[in-house]
Amino acid sequence: MNPFIVNLSDCATGSKSAPDNVGADQWARSEYGEKAWRLAVLTANDLPVPDGFVLTCSAYRHFRGSDSKELERHLLLAFDDHFPSNAQVAVRSSACGEDGERGEDGERGAANHATTSYAGQHDTLYFVTRDTLCQSVLKVWQSIDKSADYRARMGLTESPDMAVIVQTLIEPVVSGLCFGRDPTGVTSNAIIESSWGLGAAVVDGRVTPDRFEVNPSGKLVACHTARKDWQISSDGFAGTRLQSVPTSRKSARSLDDAQAESVWALTQRCGELFGSPQDVEWAIDADGALHALQSRPFTIVDSAKEPIDGEWVIFKPIVENFTQPMSPLSVDLFRQVIPGFARFIDGRLYLNGKLARTLLPFRLSKDEWTDVLLLRRPSPPTIHWPKAILLALVALVSYPVWGIFAQRARRIASIQFEAFAQLAERLRLSGRNNAPMVLRKLFLGGSPFRRIGLRVLQANVAAGRYFLYTAWLKSLLQRFAPGLVDADKDLALLTQAGEDLISRELVDGIRHLANVASASVEVSAALSAAPQSSEHAQLARALHGTAFEEALDVFIARFGHRCTGEVELMSPRWREDPAPVLAMVRTFMANRGEVRELHGEQLAAMDRLHQQLDRRWQRWLIDTLIEEVRDLSALRENTRHYHILLFDTLRSKILQREQQLLASGALKCPDDIFFLQWHEIEKLLNTSWRWENVEPIIRSRRAEHLARSRRPPLMTINMLAENDGASETLSGLCASPGIAEGPARVIRQIGADTRLEPGEILVAPYTDPMWTPLFPAAAAVVVEVGSYLSHAGTVAREYGVPCIVDVAGATSAIANGDMLRIDAAAGSIIHRKQGTADSTALSTTAPAADEEDQRSESP
């Protein structure tokens with residue numbers, strides 16, 4: 001019997017070779033490695049595992065460091081016994097302790113989850129041929145040195161022996177991972193991640209995968225379809241392995257419901273065999289057959305790697321539109337211009353909570369300070385007069401500069417910000433300015449006495465006093481007009497920015513495109529078939545020369561710099577890929593909600609208000625504040641349209657450098673540049689670094705970015721305990737007042753086929769411009785993350801739709817079809833699950849002022 005080679009299917013037990021004093025399974029795991037032993041167990045229980053053989057740990061001890069010719073002889077004989085001579089195989093590591101389990105005492109055992117998995121630490125090689133088999137095995141053996149740091153962190157002192165698996169290479173249409181339990185611990189659901197082609201694209205962080213949630217009963221309960229630009233192809237030897245995904249499939253679901261549930265069933269079966277939840281790597285081939293490629297013990301994503309000093313609160317204006325961590329290049333560039341009271345933690349931007357408490361002139365509890373920094377509204381604060389006087393003196397001294405600027409910015413017409421757009425375009429075309437230079441010129445804006453139209457970000461910040469004026473206005477109304485019924489609703493109507501909002505122009509543009517498309521049978525048919533089309537070119541040909549194409553060009557010329565996740569420099573803009581625009585058009589065509597005319601309601605609200613105000617000076621003061629709030633609201637929204645040009649221009653400069661590096665061979669794959677820092681890019685540009693220098697950096701950062709994206713963002717750090725989102729009592733904040741009742745429609749991600757029936761209540765994690773077409777049909781909107789000035793709140797007020805934001809855990813607690821009664825002004829959701837007769841208040845009226853100190857924070 002060959003002591004160095006064994007069939008994979010024979011690795012489930014070592015009874016024939018194990019010494020008398022060693023258990024068969026224990027010996028098999030030490031001789032064949034954990035991964036091979038587990039795959040053999042699956043094979044023995046009739047689960048679909050690709051066939052192959054194993055080079056044993058005895059071979060590792062015997063051949064490593066010696067002449068490889070004898071090793072090659074054994075490998076070629078085994079290859080010829082198992083595969084055709086022209087076959088391609090996968091070569092996988094199977095180290096002792098890799099994918100193993102440890103009990104609390106450190107000994108190997110059946111724990112609830114693994115504490116050491118070695119996931120991603122050792123090499124797996126694909127497309128290996130007979131001629132390259134021996135050198136591939138040696139490379140896998142050498143990768144054991146890469147895990148030295150990992151072993152040290154896990155308290156493992158000895159380098160393990162390593163067996164090697166040689167298997168049939170599955171040519172998958174789609175592949176990925178299934179976590180037998182949510183690795184973040186937020187839910188008890190299984191989580192499936194999938195993408196086109198080989199699973200290495202998911203494991204290495206090359207793509208953001210689709211994400212599916214399957215509940216413990218095996219039912220698919222959620223689907224988040226990501227944009228998948230790249231796949232690792234398995235089509236023979238021709239061309240590069242990393243290929244662009246066809247446009248029609250980039251945003252398409254990679255698994256249907258039945259496939260997702262089949263992957264879950266496979267993972268559950270693996271868990272039953274090993275006695276604990278498993279993380280399973282799987283693939284589906286062109287014939288639709290499902291294969292298990294690896295099974296390892298369930299590992300928990302730990303969000304607390306190292307203690308973080310200080311008190312931090314997440315920067316709400318970003319996270320309410322983009323919950324994912326930023327790419328390393330985005331973080332590196334923005335870090336150069338953000339003020340000292342902010343910092344990036346795990347790819348997300350946070351504000352210094354302790355510094356804010358030190359500087360601002362209020363006496364607030366820690367919870368109330370968190371409310372302020374998360375753009376919530378706590379009870380009226382007590383003034384800290386020494387600080388207030390000092391701050392007033394500082395404001396007086398700085399007024400000639402920033403005070404006058406704020407007053408100048410208040411009434412500026414949005415057309416004046418076209419000067420910023422023209423500057424951005426000049427910088428985009430200039431060959432003299434690199435990305436950091438462009439960032440400084442557009443972000444910092446120069447002197448405060450410069451044209452306001454060139455200082456978009458500063459004007460946007462100046463509009464932030466909107467919050468103070470709104471709070472003052474509400475306080476005055478409580479004093480001057482205590483008898484006003486539905487004061488919050490009337491105030492929301494009266495302070496709407498109106499028709500001059502650019503965001504309203506965007507919505508009207510999408511509606512116009514939907515009307516133009518609906519007027520043509522051919523265009524409507526082409527758009528309807530597009531999500532299933534195998535060739536994006538078919539859609540382009542169908543639209544060519546039509547009135548819709550002309551209207552689309554006009555829209556892209558105006559809004560082509562927009563996209564989902566606009567602050568992330570890695571996000572493709574609409575001008576690069578208009579597919580999201582077409583998805584919004586299809587959504588508008590499918591959701592023909594009526595546009596509510598609010599002018600009459602606004603006049604009636606103003607009349608009710610004036611009837612409650614007895615004195616002329618009161619009317620003048622209230623009317624002035626309403627106009628001020630309306631102007632500042634428009635300023636904030638309109639400047640946002642222009643400052644997004646900054647991110648678009650930065651991306652353009654980065655892509656110019658990327659093309660240069662790809663052409664020279666210094667980079668191999670598009671988007672890799674976003675996983676470098678700018679000083680590293682400069683080293684590639686001046687040729688002091690080559691691909692070999694950055695390849696391990698990119699690989700490591702991609703894996704870390706993927707791990708961070710699996711963790712939900714922490715709203716606070718060292719401020720208070722995080723809520724796990726599973727509480728049965730949810731509390732929310734009013735972003736648009738009103739009362740509504742209807743069935744819930746839980747939508748975790750917008751897609752081309754997303755529908756919202758008129759009268760349904762939209763429940764979502766957050767919203768951005770892609771969600772806007774759903775608002776006219778919505779009876780109300782509930783979002784997990786947001787503020788009064790977030791996209792959800794702003795658009796809901798424009799359409800007169802009740803909206804509650806910051807409802808932690810809403811998409812988990814509420815299911816499709818559950819009946820909801822929304823009282824947005826009170827922050828109240830009355831929730832009745834399907835099949836129950838009684839209603840339960842999940843969110844009650846916001847706490848009174850004297851209860852604020854005892855309030856439990858729900859980020």
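I began with β2 and β5, which pair in the antiparallel sense over four bridges. I count two strands as paired if DSSP finds at least two bridges between them. Helices (H or I, at least four residues) and strands (E, at least two) are DSSP runs, numbered from the N terminus.

Before going on, I noted that this is a predicted model: local features need pLDDT of at least 70, side-chain atom pairs count only at pLDDT 80 or more, and totals for chains, interfaces and linings use all residues. Residues are numbered from 1 along each chain as its sequence is written, and side-chain values use heavy atoms, with hydrogens and water left out.

**Entry: around β2**

I looked up the partner of Phe53 and found Val166 in β5 as its bridge partner. β2 also runs antiparallel to β1, with three bridges joining the two. There, Ile5 has Leu55 of β2 as its bridge partner. Which way do the residues of β2 point? Gly52 and Val54 point one way, Phe53 and Leu55 the other, and all are buried. My cut-offs are these: buried means under 20% relative accessible area, exposed over 50%, and partly exposed in between (1.4 Å probe, protein chains only).

**Entry: helix α3**

I checked the length of α3 (residues 68–82) next. At 1.5 Å a residue, its 15 residues should span 21 Å, and the end C-alpha atoms are 21 Å apart, which agrees. The expected span is 1.5 Å times one less than the number of residues. The buried residues of α3 are Leu71, His74, Leu75, Leu76, Ala78 and Phe79. I recalled that an α-helix has 3.6 residues a turn, so residues three or four places apart point the same way. What do the buried residues of α3 pack against? I found β1 (5–7), β2 (52–55), α2 (57–63), β3 (89–95) and α4 (133–142). Contact here means heavy atoms within 4.5 Å.

**Entry: Glu31, buried or exposed?**

Glu31 is found in helix α1. Its relative accessible area is 5%, so Glu31 is buried. Leaving aside neighbours within four places in sequence, I listed the contacts of Glu31 as Pro3, Thr56, Cys57, Ser58, Arg61 and Ala163.

**Entry: Phe212**

I turned to strand β8 (residues 210–214), where Phe212 is found. At 0% relative accessibility, Phe212 counts as buried. Its C-alpha atom is separated by 5.0 Å from that of Ile192, 20 residues apart along the chain. Leaving aside neighbours within four places in sequence, the contacts of Phe212 include Ile192, Leu220, Cys223, Arg253 and Leu255.

**Entry: an open sheet**

I traced four strands that form an open sheet in the order β15-β16-β14-β19, with antiparallel pairing. Its edge strands are β15 (342–345) and β19 (716–717), each of which pairs on one side only. Four bridges join β15 to β16 (residues 348–352). One residue I looked up was Phe344, whose bridge partner in β16 is Leu349.

**Entry: cysteines**

How many disulfides does the structure hold? I found zero, taking a disulfide as a pair of cysteine sulfur atoms within 2.5 Å. Cys270 is in no disulfide, and the nearest cysteine sulfur, that of Cys178, is 9.1 Å away. Cys270 is buried, at a relative accessible area of 0%.

**Entry: positive phi**

I noted two residues other than glycine here. Asp46 has phi near 65°, a positive value, and lies in the loop between α1 (24–44) and β2. At 71% relative accessibility, Asp46 counts as exposed. Thr687 has phi near 65°, and its place is in the loop between α26 (678–685) and α27 (691–709). Thr687 is exposed, with a relative accessible area of 62%.
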